[in-house]
Amino acid sequence: MPRPVRLIFALHNHQPIGNFENVFEQAYQDSYLPFLGVFEQYDGLKIALHTSGSLMEWLDDRHPEYIDRVAKLVQMGRVEIIGGPFYEPILAMLPSRDRIGQIQKYRKWLENRLGGTVRGMWMPERVWEQSFVRDLAEADMEYTILDDCHFKNACLDEEQLSRHYLNEDDGRTMSVFPGSERLRYLLPFGRIDELRHFFAEYAERHENAVLVHGDDGEKFGTWPDTYRHVYGERWLHNFFDMLRDNADWLITTTPSEVIDALPPLGKIYLPDGSYREMTEWVMPAERQNELEDLQYDMAHDHRLPKIKKYLCGGYWRNFKVRYPETDEMYSRMMAVSLRLKKAMDDGHKGKTIDAAQDALYRGQCNCSYWHGAFGGVYLPHLRNAVYHQFIKADNLLDETLGRNDTWLEADVRDFNFDGHKEVRIANNELFAWFSPHQGGTMYELDVREICHNLGATLARRKEAYHRLVIGNNHGQYDDACASIHNRVVFKQEGLNERVQYDQYARKCFVDMFYDCDVPFEAVRHGRQRLHSTLHCSEYQAMLYHTDSHIQLVMKTEGQVYDARIKLQKTITMTPNSPVLRVAYHLSDMPRDYRLHFATELNFAGLPGGAGDRYFFDGDRRSLGHLGSSLNLKHRKHIGLSDEWLGVDVSLDILSPADFYAFPVETVSQSEGGFELVQQSVALQPHWIITPDKHGCWSTEMTLTLDTSRAKSRHRPHILDDTGIVNDTRINANDLRIDTLEPALPEAHLSRETEPEPIL
C-alpha cells in the first residue's frame with residue numbers, strides 16, 4: 001500500500017452575468033445536478049466547492065432544492081464552501097474597496113444561506129498579484145488556490161509543491177495552495193488506472209503530501225461530449241469508486257482541514273500571473289504563434305522541459321491593451337465605482353445605494369474582459385450585460401441624488417487613463433463619450449431608458465487560432481472526449497473565407513475618404529483603400545455649454561488624396577432629448593476636386609437574423625433584418641429597429657446621401673468551436689463631394705434614439721435582478737415617430753459662454 005496522500009478535489013462552478021437562461025439551465029442539468037447526485041452516494045468522500053455569486057443567485061431562485069442539498073452536505077462536513085468576490089471579477093481590475101466589498105458581501109451571503117464558515121476564496125481565473133494579500137487578509141480570507149505555474153515562476157520545482165505555502169504582504173499573511181496542472185487535464189479525461197498510478201507515485205515521492213485539483217465544474221458534463229463520458233460511461237462513478245476503494249491511503253480532504261493539520265512548507269512570494277494558458281492568450285497573436293511553433297519544433301528535444309521553466313507568458317492586465325474595447329468597459333466601471341464611492345462618502349445610503357452597488361459589482365464579472373478558449377469579449381450579450389449594469393447603476397445614483405428630467409451636462413477628463421482627455425456629454429436620456437484624439441469618434445452611446453450601450457462594438461482583429469481556421473475548414477478532431485483546449489470544431493461552413501481584419505476601430509462618426517469608384521464589397525469586408533488618416537487623427541476640440549444646449553466642436557486638417565483640407569464636425573445635445581445633431585463642414589478643398597467622403601456609425605447589441613430586428617426607410621417599410629447588407633442610393637432617412645429591446649435608431653440627413661449598411665462579423669473561438677458572431681451593424685452615409693466656389697462642403701444629420709416602445713412596456717430594465725438576459729419576446733404597440741427638427745447648422749454655434757478648450 002502506498003503511503004498516505006491527501007487530495008483536495010475543488011470544483012469551481014460559474015456562469016457569467018448576462019448569459020442566457022437556457023445556458024444556465026443546461027449547465028445545471030448537465031453538470032451541477034448530476035455531479036451532486038453522484039457525489040451524495042459516496043458517504044466517505046469530501047470535496048471543496050466554489051460557486052460564483054451570479055450562478056448561486058440563479059440556483060437559489062430557480063432551483064433552491066439544489067442549494068438545500070448542498071447546505072446539508074456542508075453541515076455533514078462533506079463539503080467545504082469556498083468563497084470569493086461575489087460576481088467573479090478579476091481582482092486585478094478592481095480598486096481595493098470593491099475587492100474587499102465583493103468578498104465580504106459574498107461571504108455573508110454564503111454563511112447565511114449554507115451555514116458553515118467560509119475561510120478561503122476562489123481566485124477568479126487564478127489571476128494573481130502579490131499586492132492582493134493585504135486586501136484578502138482584510139476580508140478575512142485565510143487561503144486561496146492558484147495554479148502550480150505560479151509557484152514554478154517563483155523558481156520552485158515540481159518536487160517542492162507537495163503542500164501549501166505562506167504568503168505575506170504588508171505584514172498580512174495567508175496560505176496559498178498549488179493546483180496541479182496535470183490533474184486539470186486528467187480530470188475527467190484520464191483513465192482511472194492512470195489516475196490511481198499518478199496518485200500512488202506522488203505519494204511515494206512525498207511525505208504528508210497534498211494534491212490539489214482546482215478547475216471548472218462544467219467540464220463534468222457541460223463541456224462538449226463530457227456528459228456522455230462522465231455520466232453515460234460512468235467515469236465519475238468509477239473515479240469515486242477508486243477513491244473509496246483506496247481511502248486507506250488516498251484521503252479526500254478540504255483546504256481548511258489541511259491548514260489545521262499540517263504546517264506550510266515555507267514562505268513564498270509569487271510573481272504576478274495566471275494559469276499557463278491564460279498567460280499565453282494575453283500575448284499578441286504573432287507571439288502566440290511563435291511560441292506554439294517553438295514548442296512544436298522542440299517537442300522531441302530533451303532540453304525542452306528545462307527550457308519551459310524559463311518561458312514566461314504575458315500579463316493579464318494587457319488584455320486591456322490587446323482589446324481596447326475591454327479597456328472601455330474597465331474605464332466605465334471605474335467611473336461608476338468612483339461615483340458610488342463619492343455618494344457613499346457624502347452620506348447617501350439605503351436601498352437605492354445598495355442596488356447601485358449590486359449593479360456595479362455585477363458589471364465587474366470577468367468573462368467579457370478577456371478571451372481565450374472561451375468566447376469572452378467576443379460574445380456581445382456578455383458585453384451588453386456589463387454595460388447594462390453600469391448604466392443601471394448610474395440611473396440609480398441619479399435617483400439617489402434627486403436629479404430632475406431636464407438636466408444637461410458635459411465633463412472633460414481622462415476617462416480611460418491613456419494620457420488624453422475624452423468628452424462626455426449627457427442628459428436624462430443619453431450618455432455619449434467622444435475621443436478627440438482618436439479621430440473625434442464617439443466610442444460609447446448609452447440609451448438610459450433601456451440601459452443599453454449602442455457603442456459596445458468590437459473590431460475584427462488577428463487571433464492566433466485564425467491560421468487553423470484559414471488552413472482547415474472541416475474541423476477534424478479525435479472522436480474521443482477531449483479537453484476544449486485540444487478541439488478543432490467549426491460551427492458554420494465557410495469560416496475560412498470570413499476571416500477579415502479592420503483598419504480602424506468600429507465606432508461612430510469615423511471619417512474616411514475612399515476612391516470614387518470603390519466597390520461596396522471592398523467596404524463591407526474592410527479592404528477599401530483609405531485616402532487619409534483622419535479616421536485616427538487627433539482633432540482639436542472646443543466645448544460650448546449653455547442652459548439650452550451643449551455643442552462639441554472638433555476640428556482637424558490633413559492630407560486627403562494630394563491636397564490638404566480641413567474638416568469640422570459639431571455634435572449638439574439638448575436637455576430631455578434622445579437626439580444628437582451632427583454637422584459636418586469641409587473646407588480648403590481645390591475647386592476641381594471630387595472626393596468620396598463617408599462617415600461610419602456602428603451600433604452594437606442589435607443582432608441580425610431576427611424578424612423583429614430590421615432596417616426601415618422613411619415610410620417604416622422594412623429593408624431587411626439587421627444582418628443584411630444594403631447599398632442604397634439617394635436617401636435622406638434610414639432606421640434600425642430592435643423591437644425586443646424597444647429602441648429605434650433613426651438617421652436623418654438634410655441633403656440626400658448614399659448608404660452602405662452591413663454586419664460586422666468576427667470569426668472567434670469558444671468552448672463549442674469556431675463560430676461567426678455579429679458584433680455590430682455598420683452604417684455609412686457617403687457622398688461624392690464637389691466643393692463650392694469657396695472650396696467648402698457641408699451637411700447635417702440627426703441621430704434619434706426612440707425608446708417609446710420600451711417605455712410603453714413599463715420595463716426600464718431588460719435584465720432581471722440576477723443580471724440574466726430574459727429572452728422572452730414581447731409584442732408592443734406601434735412605435736410613435738416624432739417629427740424631427742432640423743439640426744443646428746455649423747454657422748449658428750453658440751457664443752453665449754466662453755468655450756472650454758480640450759487639449
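# Briefing: contacts, salt bridges and confidence

Thr-702 is buried, at a relative accessible area of 5%. Buried means under 20% relative accessible area, exposed means over 50%, and partly exposed lies in between (1.4 Å probe, protein chains only). The model is predicted: local features need pLDDT of at least 70, side-chain atom pairs count only at pLDDT 80 or more, and totals for chains, interfaces and linings use all residues. Residues are numbered from 1 along each chain as its sequence is written, and side-chain values use heavy atoms, with hydrogens and water left out.

**Confidence**

- The protein chain has a mean pLDDT of 91, and 92% of its residues reach 70 or more. The pLDDT is the predictor's confidence in each residue, from 0 to 100.
- Residues 473-479 have pLDDT below 50. Beyond near neighbours in sequence, this stretch has 16 contacts in the model. Contact means heavy atoms within 4.5 Å.
- Residues 727-754 also fall below 50 in pLDDT. That stretch has 55 contacts in the model beyond near neighbours in sequence.

**Packing of H1 and H3**

- Two packed helices are described by the angle between their axes and the distance between the axes.
- Helix H1 covers residues 21-39 and helix H3 covers residues 64-75. Helices (H or I, at least four residues) and strands (E, at least two) are DSSP runs, numbered from the N terminus.
- H1 and H3 pack at an angle of about 35 degrees, with axes 11 Å apart. Axes are lines fitted to C-alpha atoms, for helices over the stretch in contact, and angles run from 0 to 180 degrees between N-to-C directions.
- The H1 and H3 crossing is left-handed. That term applies if the near helix is turned anticlockwise from the far one by less than a right angle; clockwise is right-handed.
- On the H1 side, the contact residues are Tyr-28, Tyr-32, Leu-33, Leu-36, Gly-37 and Phe-39. They meet Glu-65, Tyr-66, Arg-69, Val-70 and Leu-73 in H3.
- By class, this contact has 8 nonpolar, 1 polar and 2 charged residues. Ala, Val, Leu, Ile, Met, Phe, Trp, Tyr, Cys and Pro count as nonpolar, Asp, Glu, Lys and Arg as charged, and the others, Gly among them, as polar.

**Salt bridges**

- Side chains of opposite charge can pair when their charged atoms come close.
- A salt bridge here is a side-chain nitrogen of Lys or Arg within 4 Å of a carboxyl oxygen of Asp or Glu. The count by this rule is 65 salt bridges.
- Arg-362 pairs with Glu-57 in a salt bridge, with the closest N and O atoms 3.4 Å apart. Arg-362 lies in helix H17 (residues 351-363) and Glu-57 in helix H2 (residues 53-62), so the pair ties together parts 305 residues apart in sequence. Both Arg-362 and Glu-57 are buried.
- Arg-126 and Asp-147 form a salt bridge through their side chains (3.0 Å, N to O). Arg-126 lies in the loop between strand S4 (120-122) and helix H5 (132-138), and Asp-147 in strand S5 (residues 143-147), so the pair ties together parts 21 residues apart in sequence. Both Arg-126 and Asp-147 are buried.
- Asp-502 and Arg-506 form a salt bridge at 2.7 Å, N to O. Both Asp-502 and Arg-506 are buried.
- A network of salt bridges links Arg-332, Arg-339, Asp-394, Asp-398, Arg-403, Glu-409, Arg-424, Glu-444, Asp-446 and Arg-448.

**Backbone features**

- Leu-187 and Pro-188 are joined by a cis peptide bond, with omega about 0 degrees. Pro-188 sits in the loop between helix H7 (181-186) and helix H8 (192-205).
- Asp-140 has a positive phi near 65 degrees and is not a glycine. Asp-140 lies in the loop between H5 and S5.
- Asp-588, not a glycine, has a positive phi of about 65 degrees. Its loop runs between strand S19 (579-587) and strand S20 (595-603). Asp-588 is partly exposed, at 46% relative accessibility.

**Individual residues**

- Thr-702 lies in strand S26 (residues 697-706). Thr-702 and Ser-650 are 52 residues apart in sequence and 7.8 Å apart in space, C-alpha to C-alpha.
- Asn-22 lies in helix H1. Asn-22 is exposed, with a relative accessible area of 53%.
- Arg-621 is in the loop between strand S21 (613-616) and strand S22 (622-625). Arg-621 is exposed at 51% relative accessibility. Leaving aside neighbours within four places in sequence, Arg-621 is in contact with Phe-615 and Phe-616.
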